[in-house]
Amino acid sequence: MFVVLFSFVFGGSVVVSGSSSSSGYREFLMAGIFAQTVTFATAGAGAGIADDMSKGVIDRFRALPMTRGAVLTGRTIADLVQTALTLVVLAIVGLLVGWRFHHGIAKALGAFALLLLLGYAFSWIGAVIGLSVRTPEAATSGGLIWLFPVTFVSNAFVDSSQMTPWLRHVADWNPFSATVQACRVLFGNLGVSTSRAWPMQHPVLASLLWSLVILLVFRFLAVRKYRSATA
């Protein structure tokens, strides 16, 4: 729905730099939609863990002889598989509306790998949220409310150069923006930011670093929370 609506509703009024027509917005858009989708899976991860907590499933798992992070790792990997299947569907829809990748299959797969790494890292944020609240509904709300500014104060849907200076700096250093920029570079799509911010100049490396830092920090916090969380 996001692909179709953004492509044909906003695409008619947005002209991307380097394109002679508004149809270029469809190529510009897809990297942002891919990244938004993998990060929005955070809410589902949090809700699932909160549901397990409320039903006492986590308490039973904790009584079994297994490492503390095994349950959470299994849950986040399951969410990662689901996210990968969602990306396949999105890619097909993107191809149908005119999106293409231009730098070969290897770089395209590299872009999808960065997206999945970002999604996996964010799922650990969802795990922390799910272990910190009482109900799945609270986990869903808590998993979404902060994602909207993260995804929209970025280069996902508009070029950050069109923003006011202070907001542009926030967008350029947003971990989400680094992955979007990296995908546009690897896909060979229009709208690659010309910002001098380090993440925009080295998007692939920045995307890897941001995702790994988020993953390590929130995995540590989630496992620590798991040890003491109660239904």
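How many salt bridges does a search of the whole structure find? The search finds 1 salt bridge, and the legends below, all for a predicted model, end with that pair.

**Figure 1. Helices of the protein chain.** The protein chain has 11 helices and 0 strands. Read along the sequence, the pattern is α-α-α-α-α-α-α-α-α-α-α.

**Figure 2. Dimensions and packing of the protein chain.** The C-alpha trace spans about 60 × 35 × 30 Å along its principal axes. Among contacts with a separation of 6 or more, 76% come from residues 24 or more positions apart.

**Figure 3. Surface and charge of the protein chain.** Of the 231 residues, 48% count as buried.

**Figure 4. The salt bridge between Arg75 and Asp79.** Side chains of opposite charge can pair when their charged atoms come close. In the pair formed by Arg75 and Asp79, the closest N and O atoms are 3.9 Å apart, and the cut-off for a salt bridge is within 4 Å. Both residues belong to helix α4 (residues 70-97), and they are separated by about one helical turn because they are 4 residues apart.

**Figure 5. Accessibility of the two partners.** Arg75 has 28% relative accessibility and so counts as partly exposed. Asp79 has 12% relative accessibility and therefore counts as buried, the cut-off for buried being under 20%.

Conventions
Residues numbered from 1 in each chain as written. Predicted model: local features only at pLDDT ≥ 70, side-chain atom pairs only at ≥ 80, totals over all residues. Heavy atoms only, no water. Helix = DSSP H or I, 4+ residues; strand = E, 2+ residues; numbered from the N terminus. Buried < 20%, exposed > 50% of the residue type's maximum accessible area, 1.4 Å probe, protein only. Contact = heavy atoms within 4.5 Å. Salt bridge = Lys/Arg side-chain N within 4 Å of Asp/Glu carboxyl O.
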